[in-house]
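Hi,

Here is the structure I promised to pass on to you. Have a look at it first, and then read my notes below.

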Amino acid sequence: IDSERPTKSPSDYDDPRNSRFCGVSWSDASDSCKNGRRPRWCPRGTDEECRGSGVCWADTMCDISEITFPPSLKPTNNPTEPATWSPTDSPLEYSDPSNTS
């Protein structure tokens, strides 16, 4: 059985945009992907993308293609709203005459 061909990655591994990160210095930007910090990526290379997190630095030691971000919200065991409503009519029993096809 043939399967579908894999799709191309959203960004190439060697794309220079992958290593652009925000920081107050190049070292800070390079360290932003280590030690549990949540780095701010600036793929366009503009300081505006940093929004108060310093400036955008190129050629840092970070690579967006190697970073896995944790979930933004803490998962819960229960849905926030009921998934379904109760049925309005009671189910038919097997022997019910209405249960014919």
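**Disulfides**

Cys-22 and Cys-50 are joined by a disulfide, with their sulfur atoms 2.0 Å apart. (A disulfide here is a pair of cysteine sulfur atoms within 2.5 Å.) Cys-22 lies in strand β1 (residues 21-23) and Cys-50 in the loop between α1 (26-31) and β2 (55-57), so this pair ties together parts that are 28 residues apart in sequence. The helix and strand names come from DSSP runs numbered from the N terminus: helices are H or I with at least four residues, strands are E with at least two. The torsion about the S-S bond is -85°, and the link of Cys-22 and Cys-50 is left-handed.

Before going on, a word on where this comes from: it is a predicted model, in which local features need pLDDT of at least 70 and side-chain atom pairs count only at pLDDT 80 or more, while totals for chains, interfaces and linings use all residues. Residues are numbered from 1 along each chain as its sequence is written, and side-chain values use heavy atoms, with hydrogens and water left out.

Are these two cysteines buried or exposed? Cys-22 counts as buried at 4% relative accessibility, and Cys-50 is buried at 0%. (Buried means under 20% relative accessible area, exposed means over 50%, and partly exposed is in between, with a 1.4 Å probe and protein chains only.)

How many disulfides does the structure hold? There are three, so here are the other two in turn.

- Cys-33 and Cys-62 are bonded with 2.2 Å from S to S. The pair links distant parts of the chain, as Cys-33 is in the loop between α1 and β2 and Cys-62 is in the segment after β2, 29 residues apart. The torsion about their S-S bond is about -90°, so this disulfide is left-handed. Cys-33 is partly exposed, with a relative accessible area of 28%, whereas Cys-62 is buried at 3%.
- Cys-42 and Cys-56 are bonded with 2.0 Å from S to S. Cys-42 is in the loop between α1 and β2 and Cys-56 is in strand β2, so the pair ties together parts that are 14 residues apart in sequence. The torsion here is about 90°, so the disulfide of Cys-42 and Cys-56 is right-handed. Both Cys-42 and Cys-56 are buried.

If you number the bonded cysteines of the protein chain in sequence order, the pairing reads 1-4, 2-6, 3-5.

**Salt bridges**

Next, the charged side chains. A search of the whole structure finds four salt bridges. (That means a side-chain nitrogen of Lys or Arg within 4 Å of a carboxyl oxygen of Asp or Glu.) Among them are these:

- Arg-17 pairs with Asp-15, and their closest N and O atoms are 2.5 Å apart. Arg-17 is partly exposed at 40% relative accessibility, while Asp-15 counts as buried at 15%.
- Arg-37 and Asp-28 meet through their side chains at 3.1 Å, N to O. Arg-37 is partly exposed, with 40% relative accessibility.
- Lys-34 and Asp-31 meet at 3.8 Å, N to O. Lys-34 counts as partly exposed at 38%, and Asp-31 counts as partly exposed at 35%.

**Two more residues to look up**

Start with Ser-30, which lies in helix α1. Ser-30 is buried, with a relative accessible area of 2%. Which residues does Ser-30 touch, not counting those up to four places away in sequence? They are Thr-60, Met-61 and Cys-62.

Then find Glu-48, in the loop between α1 and β2. Glu-48 counts as exposed, at 64% relative accessibility. How far apart in space are Glu-48 and Cys-22? They are 9.9 Å apart, C-alpha to C-alpha, and 26 residues apart in sequence.

Cheers

Methods
Contact means heavy atoms within 4.5 Å.
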